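Good morning, and thank you for coming.

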Amino acid sequence: MIKKGWFQKKLRGYASLQGYQKPQKYTGVLKLDSNENFVIGKQYQQDLIHNAQKISDVREYPLGRAEKLVDALSKYLKVPQNMIGIGNGSDQILDLILTNFASPQTRVLTSEPTFGFFEERCKLYSIPTTKIPFSKDMTLDLSQFMEKLKNSNILYIDSPNNPTGFQFLRKDLEKLVKKFEGLVIIDEAYGKFGDYSLINLSKSMTNLIVVQTFSKAFGLAGLRLGYFIANKNIVDVFSRVIQYPYPLNSIAIEAGILALQKPQIISDTTNTIKKERKRIIDNLRKYDAFEVFDSKANFVLFDAKGADSHVFTAMIEQGISIRKLGKIGKHEGCLRVTVGTKEMNSKFLLAIRDLLG
Ligand SMILES: Cc1ncc(COP(=O)(O)O)c(C=O)c1O
């Protein structure tokens, strides 16, 4: 017997969820709120799209094109093609992993905070989560994870973490991952700004998925290109059975292939971002009003000690949008700023100096 009102009940349940909180859209402001990459030049990006569009025919489904992207990724990452899967942004890959491998009966082990989209997806699908909180200095304690492994089915770590910028020491994360027998998802969206990648481990492990993206280091967030590296059996099932037939559009695929042909541009921009990250951290640390945390990503998290709304509004008034995160653990007023171009970062630091100096 079908229960009357089942749909309305389900809909009410979903309506009570918050969903992923995107930053507010302001016009004409410096956008330092979404960990995008503006160091990659506008012209580079326009040329990429122009050239991608010249070789695409969007009247056709992108049959076989995704394989070409996988081939290009395989050369770039030095990983066999049958160990690479693709998705419409890494968001979609994470979502498909959750919908197909997790359920209300499987427990996810992750950190608090973790990537907001992943957390919201677990809520949407009623997947129970165990969250290990960050310590006061915004680091994670490996032993707390070790203890909880036995009661978990899936381990999700964003490495480096969004929004803290923390990355475990390689030997610690490897120890954790090797000990776990369930499914391990290591989200390396910011991996290029960090100290290492776990890609090589996926060559010897059958339960590890390393997720990466073109959105951050490659500066192509708008194209929605994500990929992952895993054992060939996982990739086979994901690509043949789980993934949509045509998850990526033709122009994005071609642009991705072209971007992979110029790896020097990516490593140059990444190095610039790392240098600028240090400049932002060093400058913000001059103010007693802030506690500034180390970062291995393309953003910096700082606690404005209760004055987060004030700082956030003052930045908007100066035409700069940063991300207000509020309370994280014992820190009352956290803000996160993306590392932009030198000019953008200088404007941000000047605005902070005007406010506090
Ligand atoms: C940790 C983490 N993973 C994944 C993503 C999603 O990236 P994509 O643009 O590939 O969907 C983000 C985006 O901010 C992120 O912070």
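Let me begin with one residue. Leaving aside neighbours within four places in sequence, I209 is in contact with I97, V184, I185, F228, A230 and I234; contact here means that the C-beta atoms of two residues, placed from the backbone, lie within 7 Å.

Two remarks on the source are needed before I go on. This is a predicted model, in which local features need pLDDT of at least 70 and side-chain atom pairs count only at pLDDT 80 or more, while totals for chains, interfaces and linings use all residues. Residues are numbered from 1 along each chain as its sequence is written.

F228 lies in strand β8, residues 225-230; helices (H or I, at least four residues) and strands (E, at least two) are DSSP runs, numbered from the N terminus. F228 is buried, because 28 other C-beta atoms lie within 10 Å. The rule is that a residue is buried with 20 or more other C-beta atoms within 10 Å of its own, exposed with 12 or fewer, and partly exposed in between, C-beta atoms being placed from the backbone. Not counting residues up to four places away in sequence, F228 touches G85, I93, I209, V210, V211 and Q212. By contrast of position, the C-alpha atoms of F228 and D308 are separated by 36 Å, the two residues being 80 apart along the chain.

Which residues of the largest nonpolar core touch the most other members? They are V184, I185, I209, V210, A230 and L335, out of 93 residues in that core. Domain 1 and domain 2 both give residues to this core, so it lies between them. A nonpolar core is a set of buried Ala, Val, Leu, Ile, Met, Phe, Trp, Tyr and Cys residues joined through C-beta atoms within 7 Å.

The domains themselves come next. Domain 1 comprises 23-41 + 264-356, and domain 2 comprises 43-262; such bounds come from an automatic or database domain assignment. Between their C-alpha centres the distance is 25 Å. At the interface, 26 residues of domain 1 are in contact with 25 residues of domain 2. On the side of domain 1 that touches domain 2, the elements giving two or more residues are α10 (263-284), β10 (299-303) and β12 (323-328). Helix α10 gives the most, with seven residues. By class, that side of domain 1 has 11 nonpolar, nine polar and six charged residues. In this classification Ala, Val, Leu, Ile, Met, Phe, Trp, Tyr, Cys and Pro count as nonpolar, Asp, Glu, Lys and Arg as charged, and the others, Gly among them, as polar.

I now come to the ligand. Of the 13 residues around the ligand, G89, S90, A189, T213 and S215 come nearest; a residue counts as near if its C-beta atom, placed from the backbone, lies within 6 Å of the molecule. The largest share of this shell, three residues, comes from helix α4, residues 89-101. The shell has three nonpolar, seven polar and three charged residues.

Is helix α9 mostly covered or mostly open? Helix α9, residues 250-260, is mostly covered, with eight of its 11 residues buried. The buried residues of α9 pack against α2 (42-54), α3 (65-77) and β8, and among them are I253, I257 and A259.

Some backbone details deserve attention. The peptide bond from E112 to P113 is cis, with omega near 5 degrees, and P113 is found in the loop between β3 (108-112) and α5 (116-124). The bond from N162 to P163 is also cis, with omega near 20 degrees; P163 is in the loop between β5 (154-158) and α7 (170-179). M138 is not a glycine, yet its phi is positive, about 60 degrees. M138 is found in the loop between β4 (129-133) and α6 (142-148), and it is buried, with 24 other C-beta atoms within 10 Å.

Finally, the chain as a whole. The secondary structure comes to 12 helices and 13 strands, and buried residues make up 43% of the 357 residues. Of the contacts with a separation of 6 or more, 73% are between residues 24 or more positions apart. Along its principal axes the C-alpha trace spans about 60 × 50 × 50 Å.
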